[in-house]
Amino acid sequence: MTTPALPRLSDLENPREFTARHIGPDAADEARMLASIGPASRRALIDAIVPPSIARPAPMDLPAPLTEAEALTELKALAGKNRVLTSHLGCGYFGTHTPGVILRNILENPAWYTAYTPYQAEISQGRMEALVNFQTMVTDLTGMAIANASMLDEATAAAEAMTLAARVGKSKSTRFVVAHDVLPQSLEVIQTRAKPLGISVDQVHATEIAASLAAAPAFAVLLQYPGVNGQIRDLRPIIDAAHAAGALAIVAADLLALTLLTSPGELGADIALGTTQRFGMPMGAGGPHAAYLATQDAFKRSLPGRLVGVSIDSHGAPAYRLSLQTREQHIRREKATSNICTAQVLPAVVASMYAVYHGPEGLTRIAQRVARLTAILAEGLKALGWTLLHDSAFDTLQVAAGDRRDALMAAAVAAGRNLRAASADTLAISLDETSTRADVEALWAVFGAAAGDTPLPSLDAYADTVAPMIPAALVRSSAFLTHPVFNTHHSETEMLRYIRALSDKDLALDRSMIPLGSCTMKLNATSEMIPITWPEFAQVHPFAPADQLAGYAELNAQLTAWLAQATGYKGISLQPNAGSQGEYAGLLAIQGWHASRGESHRNICLIPESAHGTNPASAQMVGLQVVVVKCDANGSVDLDDLRAKCEKHADQLAAIMITYPSTYGVFEPRVRELCQLVHDFGGRVYVDGANMNALVGLAAPGEFGGDVSHLNLHKTFCIPHGGGGPGVGPVCVVEDLVPFLPGHATAGETREGGVGAVSAAPLGNAAVLPISWMYIRMMGAEGLKAATETAILNANYVAARLAAHYDIHFSGGIDGIQGGGVAHECILDLRPLKETSGISAEDVAKRLIDYGFHAPTLSFPVAGTLMVEPTESESLAELDRFCDAMIAIRAEIAQVESGAWPREDNPLKNAPHTAASLVSGEWTHGYSRETAAYPVASLRRTKYWSPVGRVDNVHGDRNLFCSCVPMSAFESN
Ligand SMILES: *Cc1c(COP(=O)(O)O)cnc(C)c1O
């Protein structure tokens, strides 16, 4: 007998091991899948499907992959280049203690972070309850009637408030007045957004706004409460003056301060907005955080963003759902109230849970402590001889520093603290929940040293005597957060179980595949997630001095270089904090370029009918006029129609926005020709990169004719969907458009082209960027290409297995490929079955819940269809479980077709079945309880029970209710 050869050490040190964890099928699975599809190899399949005309000439130039442990070590070293100082910078970003129970069980828990946007209401009841808590928290604290969940950041919320006011206000004026003390980043984003819409923005000192409005009309005013430098002003006279002058009043307010201050609603505001960051979300160099927007009742149908409402289910019990979706971009397109799609659901859930955990008394105590420490800090500074500019404050003081401003800031940095330059000769100091007595004393020491020999004050002497600097006329008297949910879960045990009870109601990737076309619900690996709560990434302020953010600068440089390899573009900005924002920034770049050539009159944007709703909505926001281009029977853009439209609008053509592969899941073979045609007519080509999961490593939009793309890092590059956000939507451009990428003057980044900021922070949702960094670093060029190819393989396997049972819409009809050949997703056409059985795509979607699946994308991009995108991360076993369910459902439809089951009373129409509906009362249906609950044997091992029956959409919109349900509503059921 011979001894087996010793394996080589290098084989034991497999640097590709993460790739095998990320990609579901192994080599044996792949062979079996190919056998049912047809082609002999994965290569042959890809060659048959991806047009050779777009193939990359060279592989991506990326560093060789690292293992999970190695990548974490390398990233930790990079993170260490950030310096975490105590922040007194304020300006919309504050230190906060994320309660451990929320940190571990929400922010770091895949049951929450891997969930999808709650379009399928029945399997999203847990997160929608948390979002209704968020909306209630906002309406209670702001004193407004209705709030959404959520906005992307405070600055974009301020800009959305401006456009909301322009839409709903009665004034014909195009002038928008902004108080002198709003957050500078909000002003910057407002200026960016106002320009293409022809709105003029005037910054006016708050004390002069009334007179200014009397002299020249405006459609709205924006006030900050408290002001950026701490002052708390009675806004009533300004709001009254605004109303008298026919303008709406918008108030940007700090939620923690509102526990102590008269609410904007009580002051008469029409719209309130702000960030919820300090409710438990770390500063994270600027994001992700949920912002809020709340209005009076009259404007509810014009509110941008998502709104969770309460309806009833098929058994009459209360059930949550997304309300008033007809306002949203996916329905109203260029007439939508905004382009927001992915929002900030996970941070909104964190903020709402912070309020649930602390309750009204806990929040008030935190706020009182901040206000007291601030007042004590003020007394001590005055005793040291410093002059304060305001006699009111919540958490921020403005100190006259004269010519010692810079010396004081430097001394503070030497003491491990950041102060903010509030003007040429003043400094601002902010405290927060994390501030301590020792912090106050350390600040006195910094200012004391600068003041000379004056002895430092004694904190004990002030502790019980100094009152908060809240003006008496503005002390809050109204109650808030009175609903039981905010007054029950205050022990950690209760809180833990509340969080668990909610997540148990939901289906996320930790339980089942989520085969959503266009949304790429792939693995969000734990190693990718771990770095986001490292203090070096999480605890830094976006406007800290650049040398303290060197780690982020390097992360930015590396990640943009790698994404440039993947896309073929030359310049990338990570600032946009969702795909929609990337679209907006990309269209601004195109506009900026046209303007730089004296061609500002180019204002037509061609958009194929297959486009995602954000495309026309974004075009509208930059003032472009949308012209729809037809698609042909194969799902490709109709090039004859395109030529005709180009000719017709030759002088005014600004751009075309296409998605590649298209939202129909088609690799249009003539895409190069399409791009050339638009270029010939002087337009630029925007390639929506949401479907990059079909391209990475195979083809690059920047090489086949695209001029601009956005990526969705929360789709292709592994940032989890978070139940509807956060996202990152980098905007990527070719060389001549680089000068027109977004800048950020507040953070000291200005660009020649003059396109301003599009987000509150220079790196947008900075704190989640490490996720995509880890993914690329662990996959390498080969691994990423294998992922793309497997995504296409998996989609074709599903198409091949289901082709005998369902019509595959827009398949390529390629010989030798069972199912005809699709890209990374396939569309199942259920319209013929509706004819023969009355069963709709929605019925199938709901029946899939009984089988333990999240439904595919319903009725997008084609009504009456389901779009399935399995992604590379799903194993063959899971794909088979899904295909088996779809095939079993087809057999159920056949029972309806044959008349064995009535058209209106069958397992599909009655889906999803709750446990209660099976055990209570008499069973009157023509199918068994068995069939209802356990239609396939594997469900006996693991069964997901829908917490509610089918949710009534019409009832919800007719009886709009968007806050916490009174407990009595549950008792009656
Ligand atoms: C998801 C998506 C978008 C919008 O991206 P968000 O991050 O949700 O704003 C745009 N286009 C397509 C094709 C998409 O799938």
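Biologist: At what angle do the axes of helix H24 and helix H25 cross?
Modeller: The axes of H24 (residues 579-596) and H25 (residues 614-621) cross at roughly 45° and come within 9 Å. That makes H24 oblique to H25; angles under 35 degrees count as roughly parallel, over 145 as roughly antiparallel, 65 to 115 as roughly perpendicular and the rest as oblique. Axes are lines fitted to C-alpha atoms, for helices over the stretch in contact, and angles run from 0 to 180 degrees between N-to-C directions. Helices (H or I, at least four residues) and strands (E, at least two) are DSSP runs, numbered from the N terminus.

Biologist: And what should I keep in mind about the model itself?
Modeller: This is a predicted model, in which local features need pLDDT of at least 70 and side-chain atom pairs count only at pLDDT 80 or more, while totals for chains, interfaces and linings use all residues. Residues are numbered from 1 along each chain as its sequence is written, and side-chain values use heavy atoms, with hydrogens and water left out.

Biologist: Back to that pair: is the crossing of H24 and H25 left-handed or right-handed?
Modeller: The crossing of H24 and H25 is right-handed. A crossing is right-handed if the near helix is turned clockwise from the far one by less than a right angle, and left-handed if anticlockwise.

Biologist: Which residues make the contact?
Modeller: H24 contributes Ser 580, Glu 583, Tyr 584 and Leu 587, and H25 contributes Thr 614, Asn 615, Ser 618, Ala 619 and Met 621. Contact means heavy atoms within 4.5 Å. By class, four of the residues in the contact of H24 with H25 are nonpolar, four are polar and one is charged. Ala, Val, Leu, Ile, Met, Phe, Trp, Tyr, Cys and Pro count as nonpolar, Asp, Glu, Lys and Arg as charged, and the others, Gly among them, as polar.

Biologist: How do H29 and H32 pack?
Modeller: The axes of H29 (residues 769-802) and H32 (residues 876-897) are 10 Å apart, at an angle of about 30°. That makes H29 roughly parallel to H32. The crossing of H29 and H32 is right-handed.

Biologist: Which residues of H29 and H32 meet there?
Modeller: On H29 they include Asn 794, Tyr 797 and Arg 801, and on H32 they include Leu 876, Asp 880, Phe 882 and Ile 887. The contact of H29 with H32 has nine nonpolar, one polar and three charged residues.

Biologist: Changing topic, what does UniProt say about Lys 715?
Modeller: An unreviewed UniProt entry annotates Lys 715 as "modified residue: N6-(pyridoxal phosphate)lysine". UniProt positions are given in the numbering used here, feature names are shortened, and annotations may be inferred rather than shown by experiment.

Biologist: Is Lys 715 buried or exposed?
Modeller: Lys 715 is buried, with a relative accessible area of 8%. Buried means under 20% relative accessible area, exposed over 50%, partly exposed in between (1.4 Å probe, protein chains only). Lys 715 lies in the loop between strand S21 (708-710) and strand S22 (731-733). Among the residues that Lys 715 touches, not counting those up to four places away in sequence, are Ser 518, Lys 522 and His 721.

Biologist: What is the phi of Cys 718?
Modeller: Cys 718 has a positive phi of about 75°, although it is not a glycine. Cys 718 is also in the loop between S21 and S22, and it counts as buried at 0% relative accessibility.
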